[in-house]
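Here is a friendly note to read with the model open beside you. Please take the points in order and find each residue as you go.

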Amino acid sequence: MSNLTEGIPSRHPATDAMLKHFRFEHLPPELREVSRPFGELAEQIADDVPDSMEKTAGLRKLLEAKDCIVRAALAE
């Protein structure tokens, strides 16, 4: 049996900790669609950008932006 993650570099724990806040599957449909692009972008960044303090800071700022947009959608 092969390891499914073989050849895929592991993520830094700080990146994994940030990504859990970008999950959107549990949200109601209207909020899910508002949150989805942020989650997809966060995953792309996690995969494509080398680990660093700046990457973690960028993900944190993206999370702040996502939270603002979801709250704006709730205010409608």
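1. Let us begin with a term that will be needed soon: the bend at a residue is the angle between axes fitted to the seven residues ending there and the seven starting there. Please keep in mind that this is a predicted model, where local features need pLDDT of at least 70 and side-chain atom pairs count only at pLDDT 80 or more, while totals for chains, interfaces and linings use all residues. Residues are numbered from 1 along each chain as its sequence is written, and side-chain values use heavy atoms, with hydrogens and water left out.

2. The overall plan. The chain has 3 helices and 0 strands, where helices (H or I, at least four residues) and strands (E, at least two) are DSSP runs numbered from the N terminus. Read from that end, the order of elements is α-α-α. Of the 76 residues, 28% are buried; buried means under 20% relative accessible area, exposed over 50%, and partly exposed in between (1.4 Å probe, protein chains only). The chain exposes about 5,600 Å², and carbon and sulfur atoms supply 58% of that area. Accessible areas come from the Shrake-Rupley method with a 1.4 Å probe, and for residues only the protein chains shown count as cover.

3. Contacts along the chain. Contact means heavy atoms within 4.5 Å. Among contacts between residues at least 6 apart in sequence, 63% join residues at least 24 apart.

4. How far apart are the end C-alpha atoms of α2? They are 28 Å apart, which agrees with the 28 Å that its 20 residues should span at 1.5 Å a residue. The expected span is 1.5 Å times one less than the number of residues. Still, α2 bends by about 40 degrees at serine 35, with proline 37 following within four residues. Serine 35 is buried, its relative accessible area being 0%. Beyond its neighbours within four places in sequence, serine 35 is in contact with Phe24, Leu27, Lys66 and Val70. The buried residues of α2 are Leu31, Ser35, Phe38, Gly39, Ala42 and Ala46, and α1 and α3 are included in what covers them.

5. Helix α3. This helix has 22 residues and reaches 32 Å from first C-alpha to last, close to the expected 32 Å. At its start, a side-chain oxygen of serine 52 comes to within 3.3 Å of the backbone nitrogen of glutamate 54. Buried residues in α3 include Leu59, Leu62, Lys66, Val70 and Ala73. An α-helix has 3.6 residues a turn, so residues three or four places apart point the same way. The buried residues of α3 pack against α1 and α2.

6. The cores. A nonpolar core is a set of buried Ala, Val, Leu, Ile, Met, Phe, Trp, Tyr and Cys residues joined through side-chain atoms within 4.5 Å. The largest one has 9 residues: Met18, Leu19, Phe22, Phe38, Ala42, Ala46, Leu59, Leu62 and Leu63.

7. A look at leucine 59. Is leucine 59 buried or exposed? Leucine 59 is buried, with a relative accessible area of 0%. Leaving aside neighbours within four places in sequence, its contacts are Thr15, Met18, Phe22, Ala42 and Ile45. Leucine 59 and leucine 19 are 40 residues apart along the chain, yet their C-alpha atoms are separated by 8.1 Å.

8. Two polar contacts. A polar contact is a pair of N or O atoms within 3.5 Å; within protein, one must be able to donate a hydrogen and the other to accept it, and residues adjacent in sequence count only if both atoms are side-chain atoms. Threonine 15, in helix α1, is buried with a relative accessible area of 1%. Its side chain makes a polar contact of 3.3 Å with the side chain of aspartate 51. Aspartate 47, in helix α2, is exposed, with a relative accessible area of 53%. A polar contact of 2.5 Å joins the side chains of aspartate 47 and arginine 11.
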